[in-house]
Amino acid sequence: MADGLRIRVRGQVQGVGFRPFIWQLARRFGLRGDVRNDPGGVLIHACGEALDAFVAAIAAEAPPLARVDAVETAPWAAGADAAPAGFVIAPSRGTGAETRVTPDAATCADCLADIRGDDPRRRGYAFTNCTHCGPRFTILRGLPYDRARTTMSAFDMCADCAAEYSDPADRRFHAQPVACAACGPQPEFEGRREAAIARAAARLRDGAVLAVKGLGGFHLCCDATDAAAIATLRARKRRPAKPLAVMGRWPDILTCARPDGAERAALGMAAAPIVLLDKAAPLPEALAPGQNRLGWMLPYTPLHHLLLDAVGRPLVMTSGNLSGEPQAIGNDEALDKLGGLVDGVLLHDRAIARRLDDSVMQITPHGPMILRRARGMVPETLPLPDGFADAPQVVAFGAHLKSAICLVKSGQALLSHHLGDLDDALTWDEFVKADADYAQLFDHRPELFACDLHPGYRASRHAASRADGAPVAVPHHHAHLAACLAENGWPRDGGPVAGIVLDGLGLGEDGTIRGGELLLGDYDRVTRAAFLRPAPLPGGDAASREPWRNLLARLDQAGCSEAADSLLAAQPRALLRQAMAAGVNAPLSSSAGRLFDAFAALLGFDGAQGFEGEAAMGLEALAARAPGGEARPYPFSMADSGAIDPAPMWRAALHDRAAGTPPGVMARRFHDGLARAFARPARALVARGEARVVALTGGCFQNALLLDLTVQALGGAPVLIHTKVPANDGGIALGQAMIAAAAAHPRR
Ligand SMILES: [Zn+2]
Ligand SMILES: [Zn+2]
């Protein structure tokens, strides 16, 4: 008999080089036994002297892309006959349906050294990867994850790659996309392969706009230091104002942005997200007009590294799409759609199986915050909070903008990648495909279907058809609150929370349009403790595009119509006032987003927004530039009904404006006043013991200044904020799924 251990390792442990890591560790400690993948993760049988040290090293020394959630041990006695002589990697057991697929990962330091090294197989080779880096989800066609089910199936490994692939001591052992210059994909520029990257780089240095095929799609690309090239790109993409992301090497980023430690850590994540960084050195203003910050990312494929090395300057890398459409992924599609917008296309012959945008993050005074979950961050799962162990399989379809789908299964929630705004027909096609795709990949058989309460949303109609007419329809802001609770692991029986929901527009249970609420409750139910006093949205949807409409409505409501007459002299005020008085196409809304828009209009934002949130982002940038100390918050009043009235704020702001107060100071007073107006009643709920914590959610809490001022105004009350799941509608499907799961097992 051999006394040994049966060791179960749970977490993200498949497809990340975990078995060869265990194999090497076992050899180091002189153990005998085996390691295999199975539906529960990785299973090890080991016997020998140094078992304790071996078990301790499993979590401590795990490979870079692994995430070890648990290492569980049990005694194991191998029969004398069965006791293995050495340590072996055994074939996988069980069906592949539960196999975790890992996210795509940026090129690792070793592979970077390879492409800059001397071995001709990898020197300058744009598709170098290993077990610790490279494409995963973007090349995956089906499960289980092996080469035959990826877009690498088109390439036969050469003998050298095959040897690396089958050697447990090699960094490329079982790296499914392993390739080299002799056998793998190749880049191509203007119809020719030779020196493709060098020729593309030369064109970029000359000011050309190119399409570049990356990991999850095509980018439109130009020299980020060249104002004329940026203007050309903007004109051709018809994207006048929305900020453009920039890809730069470390020296460029450290010079142009000066990230702090947390920001550098975010940039260097395996996900290589876009990170919003304060502007430091001058780059063309046209990259992000009116913003204090610019989105930066590091090169994340060898092709990007080689391109940036050759250009020697940071590059604009923005989604390669026609305005509003999803980004192109196919070579023919890119040539067809983008060919007319660009001066050349740098492509390659490894197909993209799955369209994934770049992920976006920021670092707030309260830590990292994901704004868009996409490449490198999916398909990671979140464990469900305590009390949801028996949750049924649920699929939730999100809202209408920043669409994403959420699956619940086996105690985990899987929030899909960012799919986009469902107004666009092609994005809608992507959404329907993603629903089928995720269901198939995760062998998901939903018992419940959840969606937004708004029956007119395409996603809600889709849910109704999938659910035979009976989806769980969830009020928009309850879903935001539940998403915030779930990502923070708030237990089902954790008690009521105060949820400050500051958002754009969402349908409430009473049929009104909401967006500035203080909710009290949990996953099961909420009541409304306070709310922004509703005002009309003159022109309906037009009020979301044109901030001045909200200024007119709010000033009139505050009894400041004369000020509106002079500020909005050129606008058709009489017409809108008639409509508002008659209640024609002027629904009442408590939207905090529209209040931001109204204030931006007061400070001079005229015309229409070029993209969602433009006015509010400009207002945040203005306020962030203002000195904090001298800005006293604007007053809001609160009625017994719970209505928070901005009328006193408007009167004070008009006074400031007449007195010549700098706009930045006014913007700061507005942020601080709104934060305090909602923090005060929330804090009172906690003080009275009616709420355990305060949760901050809704799209407005992407605003780092508003978030910080609200946390400050809560004066030490415990706070839950979004970090991993977007505060905006990109996170709402998670909340819908949690509420549906709660409804499936009602509490008594
Ligand atoms: Zn690598
Ligand atoms: Zn090869």
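Predicted model: local features only at pLDDT ≥ 70, side-chain atom pairs only at ≥ 80, totals over all residues.
Mentor: Residues are numbered from 1 along each chain as its sequence is written, chains are lettered from A and ligands numbered from 1 in the order in which they are written, and side-chain values use heavy atoms, with hydrogens and water left out.

Trainee: Which atoms coordinate the zinc ion (ligand 1)?

Mentor: Donors are N, O and S atoms within 2.8 Å of the metal (3.2 Å for Na, K and Ca); since water is not among the atoms, sites may look incomplete. Here the SG atoms of Cys108, Cys111, Cys130 and Cys133 coordinate the zinc ion (ligand 1) at 2.3 to 2.4 Å. Along the chain these donors follow the spacing C-x2-C-x18-C-x2-C. Cys108, in the loop between β5 (87-89) and α3 (109-115), and Cys130, in the loop between α3 and α4, are 22 residues apart and link distant parts of the chain. Helices (H or I, at least four residues) and strands (E, at least two) are DSSP runs, numbered from the N terminus.

Trainee: What makes the arrangement around the zinc ion (ligand 2) tetrahedral?

Mentor: Ideal angles at a metal are 109.5 degrees for four tetrahedral donors. In practice, four donors count as tetrahedral if all angles lie between 85 and 135 degrees. The four donor atoms of the zinc ion (ligand 2) subtend angles of 102 to 118°, and therefore the arrangement is tetrahedral. Those donors are the SG atoms of Cys158, Cys161, Cys180 and Cys183, at 2.2 to 2.4 Å. Cys161 lies in helix α4 (residues 159-165) and Cys183 in the loop between α4 and β6 (187-189), so the pair ties together parts 22 residues apart in sequence. The site of the zinc ion (ligand 1) is also tetrahedral, with angles of 102 to 121°.

Trainee: Are Cys161 and Cys183 buried or exposed?

Mentor: Buried means under 20% relative accessible area, exposed over 50%, and partly exposed in between (1.4 Å probe, protein chains only). Both Cys161 and Cys183 are buried, and Cys108 and Cys130 are buried too.

Trainee: How many disulfides does a search of the whole structure find?

Mentor: A disulfide is a pair of cysteine sulfur atoms within 2.5 Å. The search finds zero. For Cys221, the closest cysteine sulfur, in Cys222, is 6.8 Å away, too far for a bond.

Trainee: How many aromatic pairs are counted?

Mentor: A pair of aromatic rings is described by the distance of the centres and the angle of the planes. Rings of Phe, Tyr and Trp (its six-membered ring) pair if their centres lie within 6.5 Å; planes under 30 degrees apart count as stacked, over 60 as edge-to-face and the rest as tilted. The count is twelve. One of the pairs is Phe596 with Phe670, edge-to-face at 5.0 Å centre to centre and 85° between the planes. Phe596 lies in helix α18 (residues 592-602) and Phe670 in helix α21 (residues 663-687), so this pair ties together parts 74 residues apart in sequence.

Trainee: Which way do the residues of strand β29 point?

Mentor: In a regular strand the side chains alternate between the two faces of the sheet. In β29 (residues 694-697), Val694 and Leu696 point one way and Ala695 and Thr697 the other, and all are buried.

Methods
Tetrahedral: all angles 85-135°; square planar, octahedral: opposite > 155°, others 65-115°.
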